[in-house]
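Please look through the sequence and the 3D structure shown below before reading on.

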Amino acid sequence: MNRYNLLRIFINVVLIIFIFSAPALHNDKNIPVSFIFFYNILLFSPAWLNNFWLLPQLQQNKRIPQYGVSLIAVILCITFVLGQYLQWLYQRFHTTELIDFTPVATTSSAPAGLEKYQYYFDVFPGLIIVLGIMIIGYAIQQFLLKIRKEKQIHAQQTIAELSLLKSQISPHFLFNVLNSLYSLSLKKSDETPDVVLKLSDILRYSLYETQVKEVLVTDEIHILNTYIDIERVRMPDNAKITFQYDDVQESIRITPMLLLPLIENAFKHGTDSTVGHSYIQATLKCSDNRLIFTCENNFKEPGRKDVGGIGIENIRKRLQLIYPSRHRFQIEKNNGIFKVMLEIKF
């Protein structure tokens with residue numbers, strides 16, 4: 001039994017105790033509490049049968065006619081039984097005041113010719129009122145349950161999508177780094193061991209650090225510098241690569257592997273595609289309430305038909321999932337200059 005059913009039972013118990021106690025505390029006819037108790041049990045029984053049996057069955061089988069017939073049958077049967085019992089109470093305690101037995105004392109007048117069955121018309125309105133109130137309560141409960149389930153489903157989908165996006169990041173950047181290693185191996189460069197060591201550092205970061213929700217911004221900076229160092233090895237001497245991060249508060253935490261694809265994209269579509277002088281300028285500023293990262297590079301216009309491919313699209317999706325209303329991500333592409341700007345508000 002889940003907590004919502006327990007809460008519903010608790011509310012019903014509290015309500016019925018109130019209804020039982022009210023007539024008993026203000027009873028000047030010395031009516032035994034047991035008689036009042038039994039009357040209210042009968043008064044609530046259609047609502048209980050409806051909430052705990054008929055409505056759950058309706059949700060499962062969607063048979064509205066069957067539900068309607070069953071509910072009407074329950075109401076008529078309980079009205080007959082409760083009316084007979086009320087008639088007996090009237091005679092036993094020499095009263096025709098329904099308030100002596102229940103606070104739900106709303107009545108209706110019997111039509112002409114049926115006055116001798118007035119006790120049925122005394123019973124029916126209160127029974128319908130209780131039934132209606134509990135149907136509303138059931139509807140509110142089901143609405144809250146639906147919202148809760150939708151939130152759980154959304155959270156599960158978000159986690160699954162983030163996991164998929166993270167799994168796409170590592171193979172993508174690994175492909176680019178392996179290209180750098182291949183270039184070094186062809187040259188038989190003495191820097192190859194150092195590059196392999198730095199590559200292992202990046203792989204360790206992508207494998208273990210991305211399992212946590214957030215990392216220190218300094219950890220992300222370290223990986224960016226490591227990646228840039230790897231790429232510098234194969235860059236021509238006339239390529240200018242700068243990364244400035246002086247204005248950074250080191251205690252700030254961000255989601256891991258968020259900035260690396262932006263640098264990676266600049267190398268892939270910038271220095272790899274340009275002829276002659278090429279450059280990459282990256283800056284990172286980070287304070288208590290916001291992070292701003294920019295990266296600018298030149299590129300060869302005909303060779304750039306997209307805006308970053310897998311890496312950029314992954315960044316867009318991750319930002320929407322992790323910082324849905326707290327980020328600004330802009331891309332500018334003009335006259336052979338490509339610039340991205342990412343702002344995250346904490």
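Which residues does Thr79 touch, not counting residues up to four places away in sequence? Thr79 touches Tyr120, Val123, Phe124 and Leu127 when those close places in sequence are left out. The model is a predicted one, and its chain has 346 residues, of which 42% count as buried. The secondary structure of this chain comes to 8 helices and 7 strands. Among the contacts in the chain with a separation of 6 or more, 72% are accounted for by residues 24 or more positions apart.

- Thr79 has its place in helix H3, and helix H3 covers residues 64-93.
- With a relative accessibility of 10%, Thr79 counts as buried, because buried means under 20% relative accessible area.
- Tyr120, one of the residues that Thr79 touches, is itself buried, with a relative accessible area of 15%.

**The helices H2 and H3**

- Helix H2 is made of residues 33-61 and helix H3 of residues 64-93, and the axes of these two helices come within 10 Å and cross at roughly 180°.
- Angles over 145 degrees count as roughly antiparallel, and H2 and H3 are therefore roughly antiparallel to each other.
- Where H2 and H3 are in contact, the residues divide into 22 nonpolar, 3 polar and 1 charged.

**Aromatic rings**

- A pair of aromatic rings is described by two values, namely the distance of the centres and the angle of the planes.
- The structure holds 13 aromatic pairs.
- In the pair of Tyr119 and Tyr120, the ring centres are 4.7 Å apart and the planes stand at 55°, so this pair is tilted.
- Tyr119 is buried, with a relative accessible area of 10%, and Tyr120 is buried as well, with a value of 15%.
- Ring pairs also link a cluster of residues, which consists of Phe35, Phe38, Tyr39, Tyr85, Trp88, Tyr90, Phe93 and Phe101.

**The sheet of 5 strands**

- Strands of a sheet pair through backbone hydrogen bonds, and this pairing can be either parallel or antiparallel.
- In this model, an open sheet of 5 strands has mixed pairing, and its strands follow the order S2-S4-S5-S7-S6.
- Which strands stand at the edges of the sheet? Strand S2 (240-244) and strand S6 (327-334) stand there, each with a single partner strand, so one side of each is left without a neighbour in the sheet.
- Neighbouring strands of this sheet are turned against each other by 5° on average, with direction ignored.
- Helix H6 (residues 217-234) packs on the sheet and touches S2, S4 and S5, and the direction of H6 makes about 170° with that of S2.

**Pairing within the sheet**

- S2 and S4 run parallel and are joined by 5 bridges, and Phe243 has Ala282 in S4 as its bridge partner.
- Strand S4 (residues 279-286) and strand S5 (residues 290-298) run antiparallel, and 7 bridges join them.
- Ile280 has its bridge partner in S5, and this partner is Asn297.
- S4 and S5 form a hairpin, with 3 residues between the two strands.

**Two loop residues with positive phi**

- His94 is not a glycine, although it has a positive phi of about 55°.
- His94 is found in the loop between H3 and helix H4 (118-187), and at 71% relative accessibility His94 counts as exposed.
- Asn335 has a positive phi of about 50°, although Asn335 is not a glycine either.
- Asn335 lies in the loop between S6 and strand S7 (337-345).
- Is Asn335 buried or exposed? At 80% relative accessibility, Asn335 counts as exposed, because exposed means over 50% relative accessible area.

**Tyr205 and Pro256**

- Tyr205 has its place in helix H5, which covers residues 192-208, and at 2% relative accessibility Tyr205 counts as buried.
- Tyr205 and Pro256 are 51 residues apart in sequence, while in space they are 8.8 Å apart, taken from C-alpha to C-alpha.

Methods
Residues numbered from 1 in each chain as written. Predicted model: local features only at pLDDT ≥ 70, side-chain atom pairs only at ≥ 80, totals over all residues. Heavy atoms only, no water. Phe/Tyr/Trp six-rings, centres within 6.5 Å; stacked < 30°, edge-to-face > 60°. Buried < 20%, exposed > 50% of the residue type's maximum accessible area, 1.4 Å probe, protein only. Pairing = 2+ DSSP bridges. Helix = DSSP H or I, 4+ residues; strand = E, 2+ residues; numbered from the N terminus. Axes fitted to C-alpha atoms, helices over the stretch in contact; angles between N-to-C directions. Contact = heavy atoms within 4.5 Å. Parallel < 35°, antiparallel > 145°, perpendicular 65-115°, else oblique. Nonpolar A, V, L, I, M, F, W, Y, C, P; charged D, E, K, R; others polar.
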